[in-house]
Amino acid sequence: MKKLLTSFAAFTALTAAATAADLPRRAAPPVFVPVPVFTWTGAYFGINAGYGFDAGSNSDRYVLPGGSVLNSFTRDTLVLTTNNNNNLEGFVGGGQVGYNYQFTPGSGLVVGLEADAQYTDFGNKSRLVNGSITDGVDTVGVRVRVPGNEMNFFGTVRGRVGYAFDRVLFYGTGGFAYGDGGTGRDDFRTGYTAGGGIEYAMPVDSFLNFFRSSAVTLKVEGLYVNLENKGNTTERSVLNPANGVLSLSRSVTARESEFAVVRAGLNYKFGSY
């Protein structure tokens, strides 16, 4: 009897073990890896290209030495005003660096600072325009031959404020501007700029991500640039009595340089995801 009970106990244990082996095993719970939330916070650098066109009034003012133009004037200081003289337009291209800070990842307020330097292909040829000369009392209409001018560069240092909807950023921008006035030697001017744009951050594995940055962004931007009035004088002016054309040997204008720029850009962002 004792042997029978022992054998039965052993059989029961073996049967339970076999049954347990056939039961499905409890799998470990899956590991949840959260997808990082995109943020615009971080430093960036990039390139841009676009087109600039004149945004100023179509007139220029020149200060001429009295007595050297027409003998009919009684005062020493003469002011020449010409019409349809502005032609600052052409290709614009350069690079930029900056830093953004986003207060809340995902969607939220973004502030930043950006500096850029631009090459410009603004220029025009010598041409005839209508004008008038006055000494404050008398005024005489003249035809004026003005030499061509060109602007070679400009740059800006701007603040940026915008709102991000995940990978899309709408922003306004404004600040300091500088450049050459396009009128001769030592013609460096400063002023201001304002504008806005839209920027989109591409995925990290974008085919454009040559530098393994945290994002590649594409932007379209518009800027208005106003450079200050220098007020320089013309070196020499000669009136041809045969045709009544006044020729300016060096047309250093006393006007502001105003132009607008529309450009597209590409940035490489580093820092936070």
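Let me begin at a turn: in the hairpin formed by strand 4 and strand 5, which has 4 residues between the strands, G106 takes a positive phi near 90 degrees. Please keep in mind throughout that what we are looking at is a predicted model.

Now, which residues make up the largest nonpolar core? There are 10 of them, namely L88, V92, F122, M151, F154, A177, V225, L227, F259 and V261, and the elements that give two or more residues to this core are strand 8 (150–165), strand 11 (215–227) and strand 14 (257–270). Apart from this core lies another, of 8 residues, including F38, W40, Y171 and A215.

If we look at V92 in particular, and leave aside residues up to four places away in sequence, V92 touches, among others, the core members F122, F154 and V261, and also A49, G50, Y51 and G52.

Finally, I would like to turn to R167, which is found in the loop between strand 8 and strand 9 (168–180). R167 is buried and yet has no salt bridge, since the nearest side chain of opposite charge, that of D166, is 4.8 Å away, whereas a salt bridge is counted within 4 Å. What the side chain of R167 does reach is the backbone oxygen of M202, at 3.0 Å.

Conventions. Residues are numbered from 1 along each chain as its sequence is written. This is a predicted model: local features need pLDDT of at least 70, side-chain atom pairs count only at pLDDT 80 or more; totals for chains, interfaces and linings use all residues. Side-chain values use heavy atoms; hydrogens and water are left out. A nonpolar core is a set of buried Ala, Val, Leu, Ile, Met, Phe, Trp, Tyr and Cys residues joined through side-chain atoms within 4.5 Å. Buried means under 20% relative accessible area, exposed over 50%, partly exposed in between (1.4 Å probe, protein chains only). Contact means heavy atoms within 4.5 Å. Lys and Arg count as positive and Asp and Glu as negative; His and the chain ends are not counted. A polar contact is a pair of N or O atoms within 3.5 Å; within protein, one must be able to donate a hydrogen and the other to accept it, and residues adjacent in sequence count only if both atoms are side-chain atoms. Two strands pair if DSSP finds at least two bridges between them.
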